[in-house]
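Here is a short tour of how two chains of a complex meet. Have a look at the model first, and then we can walk through the contact together.

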Amino acid sequence: MKPFTYERASSPVEAARIVANRPGARFLAGGTNLLDLMKIEVETPTHLVDVQDLGLDRIEETPEGGLRIGALVSNTDLAADERIRRDYAVLARAIVAGASGQLRNKASTAGNLLQRTRCPYFYDTNMACNKRSPGAGCAAIGGVTRQLGVIGVSDKCIATFPGDMPIAMRLLDAVVETVDGEGRRRSIPIAEFHRTWGDTPHVETALHPGELVTAVTLPAPLGGKHFYEKVRDRASYAFALVSVAAVIQPDGSGRVAFGGVASKPWRVEEAEALIPLGAAAVVARAFEGATPTDDNAFKLPLAMRALAFVLSQAKS
Amino acid sequence: MMPVRFKVNGESRELTLDPRTTLLDALREHLHLTGTKKGCDHGQCGACTVIAGGRRINACLSLALQHDGDAITTIEGLGTPDKLHPMQAAFVKHDGYQCGYCTPGQVCSAVAVLDEIARGVPSHVQADLLQRPQASNIEMRERMSGNICRCGAYSNIAEAMADVAGGRG
Amino acid sequence: MKFATPAGANPIDRMAIVGRAHPRIDGPLKTTGTAPYAYEHQHLESKLAYGCIVGAAVAKGRITAIRVHEARDAPGVLAIVTAQEAGKLGKGKRNTAKLLGGPEVDHYHQAIAVVVAETFEQARHAAGLVHVDYDRTEGRFDLATALEKAELAIDPNAAPAPKENRVGNFEEAFAAAAVKLDASYTTPDHSHAMMEPFASIAAWNGDELTVWTSNQMIDWGRTDLAITLGIPKEKVRLISPYVGGGFGGKLFLRADALLAALGARAAGRPVKIAMPRPLMANNTTHRPATRQRIRIGCDAGGTITAIGHESGSGDQPGGSPEAAVSQTRLLYAGANRLTTLRLAELDLPEGNAMRAPGEASGMMALEIAIDEMAEKLGMDPVAFRVKNDTPVDPEKPQRRFSERQLVRCLEEGAERFGWSRRNPRPGQVRDGRWLVGFGVAAAFRNHLDMPSGARVRLGRDGHITVETDMTDIGTGSYTIIAQTAAEMMGVPVDEVTVRLGDSAFPVSAGSGGQFGAANATAGVYAACVKLRDAVAQRLGFNSAEAVFADGRVTGGNRSAALREAAAAGELAGEDKIEFGDLSKTYQLSTFGSHFVELGVDSYTGIVRLRRMLAVCAAGRILNPVSARSQVIGAMTMGAGSALMEELAVDKRFGFFVNHDLAGYEVPVHADIPHQEVIFLEEADDKANPMKAKGVGELGLCGFGAAVANAVYNATGVRVRDYPITLDKYLDRLPPVD
C-alpha cells in the first residue's frame, strides 16, 4: 500500500472540491473494495477523503412516492429498511445475496455501485490489464475466463461488473445523484451510469473526476412479484456466475436484468416485451451479440434456466 | 502519522498511527490484542471479525482512522479463559472449532448473528422478507457464511449457536 | 519401547479416560483468542521488525536484474535480502523447488527477495518498490500434454517396488470379462487454504536461531532449516505450540521461516513474516492434479476378475507422483491387477502432500468407477462392494488386514441412512425444483507407523507434565495426549499439563498422514511406562503389578499417593515408540463408508447437500469428540473437492489464477448441513499399544465420490471431471421453459 494522507470532510461539496483539486485524491466510504485493492496496489491513492460524517446515511421518501437512499447507507440498513423489504423486495433480495454479513455492515450504497471488477487478472499486478494501465493489453483474453463477461465486453477487456445490488437498481430505474466541488448537482439514470468497456475499459462510470455520489433515488414502487435469483458454485459468500433480477406483474409483463454476465448490470428493455413468450426468447434477445468464450458459454443457457425458474415462480 | 482514539473492550485507547494501518493491525500489532486473527487480509475469510459500533465487520478492510470515536469489541472483550462468554462456552461444549485460528472471528460473528436475528436484519434464506427471522439452522448457516473454517467445524458451530439461541428463549 | 508383537492387555484398556468424550483442554484458550499462534509471540527483548516477501512475476525464466535502491531508500527499510545477498544456501531434504529463487526462477510467486522494515506497512510498501527484470522462458504448464511423454514412476512411499504393480494377467482377464468398465477421471490441483497463513518470527542470539513458526513437523522443519542455512541443527530451535491449520501445507520448511531467518540476520533484529494470502497458492505447495484411467472387469455375477488403475500427475523436476492408485492395490478383491503411476515434469508450483495424499484423489475416481460398474451389473453399489471385499492383501494373499470392517461400515451405514429408500433408477426423485439423489462410497486410508518420543514428568506436587515436539494442528493432540498420560498415571485430566511443538522436546511423529494421534500417544504411553517404573521403584512396588488409579499407586496390600514418589524430587520418564515388522506381516488400514443425500436444482444445476453420514472403523477412538470433528472436517473438505475446489491453471503464463480465498472457493457454513459420524468398536492390537489408528484423513477419502454418485443418482448425468460444477452438465439436465 502506497503512503497516503487522510482527512474527514465536513460537507459533500467540500469533499468533492478536495478530490477534484488534489491529484491522486479519492473518496473513502466503507472502504471494503478500495482498501482491498490498495493493499495489492491496484489502487494507489495519495490522499483519502473520508465521507462518513456527511450525513448521507438516511433513507427519505420523495414527493414522487419513491425513496431517496443516502450514498452512505450501509447495505445492511438498506436491506433491513421496511419500505425496501415491502416495496422494493428485489433490491433487498439482491443485497442480502451479496458478500457476507460483515461486509454488508460496512459496504455503502455508493461504494457498491462503484465496486470494481473481480477479474483475477485485474487483481494480479503481474498480468497485463487495460483497466489498470490503459493500452497494456488484457491477459484475461485467452486465459481462465469461466467467471468473466459474455456481453458488453470488448477486445480490450472481458471483465464483469461483480455486484448484486446494482442489478436490482438497474431494474428499478434508479437515478444516481451527485454533487461536484462547485456545488453543481447531477442526476444520472442508472442505465447511463455504468459503461460497456469498448476501447476504454478503465472508464467504468459516467462520473466526472471529483464528482461525489450523494444518493440513489428509487422511483415509486412497481408492485408485482419480486425476484433475485443468484447462481453460484457455493451456497453463499461468492460472486454470481449469473444472477437474475426480475419484477413480474400479474398480467405477465415485467422487467428483467442480469448480473455476472456483463461489464455492467445487464438489462435490455426490448427483451422484456418477450417475457410472455418465455425465458428462451427473453435471453436470446437480451444476449444478442454475446461473445462468450468456451469456458463461459454456459452462462447463456444458465441465464435462460435461471430466468425460467423465476417465470415459473411468478406464475405460481 | 495521525492520532486516533477509540474504546476497545470498554477501555479508551489512543494511538498515533501510519494512516495505512488497518483496524486489524492496530489491534494486533499496536494494542497487542492478538485474539483477532489475520487470515487473508482481504475480507475473504472473516477471521478478523470484530464488533464496531454494535456491528460485526472485517477489521482487515477498515482503516483504524475510520474508527475514531468508535466503541469496538474484540474476542478479548467477550470473555476470558476463566470466565467464558456463553457463546465461547458453547463452542467448547460442541467442539465448534479445531485449529482455533478462525475461532475468535466465528465467536464474534455468532454473537452478532444472534443479535441481528433478534433485530430483524433480513437474510438471503428468508422465505418472506416481511416476517421476523428465526434462529433456525439454515438462517444461522447463511448468516455465518462470511466466516470460513477450513477445518470444517460448521456443523458443530451451528449446534453451539443453537444451544445459545435456545437458552436465550 | 519397541512395538514388535501384538499389544496385550495394558493400562489403556481400562479406558476410564482414553476413549471417553472430553472437551478439548485447549478450548478455553482458542475460543478466547489467547492461544498464541506463530505471528503473535510478543515476549522478545529486542523490537521486532517486519518482513515482506517478494514473489516472482514469471513462472519460468531468469532474473536479469533486481533493482533494490528505491526500496532500500524507502522509509523504515532495514534490509533487503535476495539470493545474491543470502549467499550459498542449501536445499532442505523435503523441498523440491528452492525456497529463495534467483537468478533462476522455478515457478510463479517463488520468493525472490525479502524486504525488512520497521513496520508492516513500510515493509509491504517497499516490497512493491523492488524492481525485477526477467528473461522469461517457455515452461511446461499443461498436464495432459506433458503426460503424453511421461515415464512410469515409483510411489516413493511404496519403494522398493516395480514400476508396474501386476498380479495375474490383467489385460487378458479384462478382455475376457463378461462386464467391463473403462473410464477416465480427472481431479484438479487443490490448495490447502488453511486459515492461518504461513508465518514465522526469527530471532538470532549469536549463532543460535530461534524460530516461532507454524509447522506440522517440528523436526523436519528444524532439520531442513539448518540444512538450508548451512548451520548445525543443534543451533536451531523451532517453536510451534499452535498451528492454525496445515492439511499437509505446513509439513515442510517454507519461505516464511527461511526468509525470517535471513531477514533477521541481515537486519540484526528479530523479524516476523506472514505470507500474504494472494501469494500462498503459487508460492507454496498444493495437491497435484491427476488424470486417471480405471478399468474393471467382472463376471456376470459381479465378482471382479480384473482391476486396473493408472494415474498420471505432474511436478517440478525432482518431484514425486501423486500416488492415486495406492488404495486400489488393497481395497477390493480381484485375481488380475494392474496399477501404475506416471509423472510428468511441470513448471507449475511444487506439488506435494495435501490431506490424504494419494487416496484422496484416487478414491475420488475409484469410487465413481465402482458405482458405474455396479450399475452396469444391475447391482446395488453397497452389495457390489460387499461382494468384492477381501480379508487379505490382494497382491500378497498370505498377508491379512489387522482389522477390516469395511462390510460392517457399509451395511450399518446403509441401515442408518435409509439407503433402501434410494431409487436405483437415476433422475426419478423430485422435490419441487430439486432433483434428489443418494450416493455411497467406501472410505479407505492406510495407517502409518511413525516413531514418536515424549518425556513425562511427575512434579513434587503430583502434577504430570508431558513434553513432546508433537503439534496440534486442530487434531486434538493436546487433549488426547493429556488423556493418555492421565490414564497411564492414574490421575484426572486436569492434573496433566501438555507442552507441544518445541524442538527442545523429544522428537515425535508430528502431524501428517493421519499418523499423528495414534503414534504420538503411543510415544507418550512409552514414556509413561518409564515413569511408572521409576515411580514403582521409588515407592517400592513391583512395577509389573502396580495399579495406577485415583492418584494412587496400589500393589499387593499396599497403597501410596502418587505424589509421594516425587516428594524427594521430580521424576521423569522419557522414551519413544518404535516399530518392528507387524505392519509388514499385517496390512494396517482404516475403513469407512460415506452416504450422501443431495439436491440438484433442475433449473440451474446447483448442488446442495442435504444429509451426510460417515461410518468409520479406525482402531480405538481416543476421544470421540475430537475424532468426530476430524471426520466431519474431512467430509467438509471432501464436499469442497467434489463441488467447487480447483486451482485454475493459466497454461500460457503458468500459474494458478485464482490465488486467494475469493477466487479459490472452499465450503462455507451454508454449504454444510448437519453431519453424522458413527465409529465402530475396534481395538487394533497390531497397530500400537494404544490399539489406535489414524482417522483424520479417512473422512476425506471417498466422500467426493459419494457426492458424485449422488449427483448421478439425482440427475442421470455422470460427471468424471472434478469439481462437479454446473457448467459440466447443464446441457444434460431436463429441458425447462
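The rule finds 2 salt bridges across the interface of chain A and chain B. In one salt bridge, the side chain of A:K39 meets that of B:D41, at 2.8 Å from N to O. Please keep in mind that this is a predicted model.

**Polar links**
- Across the interface of chain A and chain B, 25 residue pairs are in polar contact, with both residues at pLDDT 80 or more.

**What chain A brings to chain B**
- Seen from chain A, the elements that give two or more residues to the side touching chain B are β1 (5-8), α2 (34-39), β3 (47-50), α3 (75-80), α4 (82-87), α5 (89-96) and α6 (101-106).
- The most comes from α6(A), which gives 5 residues to that side.
- Sorted by class, the side of chain A that touches chain B holds 18 nonpolar, 11 polar and 12 charged residues.

**Extent of the contact**
- Chain A puts 41 residues into the contact, and chain B puts in 39 residues.
- Between them, chain A and chain B bury about 3300 Å², with 54% of it on carbon and sulfur atoms.
- Within chain A, the most area is lost to chain B by A:K39, A:Q102 and A:Y237, which together account for 21% of what that side buries.

**Confidence**
- For the complex, the predictor gives an ipTM of 0.98 and a pTM of 0.98.
- Chain C has a mean pLDDT of 97, and 100% of its residues reach 70 or more.

Key:
Residues numbered from 1 in each chain as written. Chains lettered and ligands numbered in written order. Heavy atoms only, no water. pLDDT = per-residue confidence, 0-100. Contact = heavy atoms within 4.5 Å. Buried area = accessible area lost by both parts, 1.4 Å probe. Salt bridge = Lys/Arg side-chain N within 4 Å of Asp/Glu carboxyl O. Polar contact = N/O pair within 3.5 Å; in protein donor to acceptor, adjacent residues only side chain to side chain. Helix = DSSP H or I, 4+ residues; strand = E, 2+ residues; numbered from the N terminus. Nonpolar A, V, L, I, M, F, W, Y, C, P; charged D, E, K, R; others polar.
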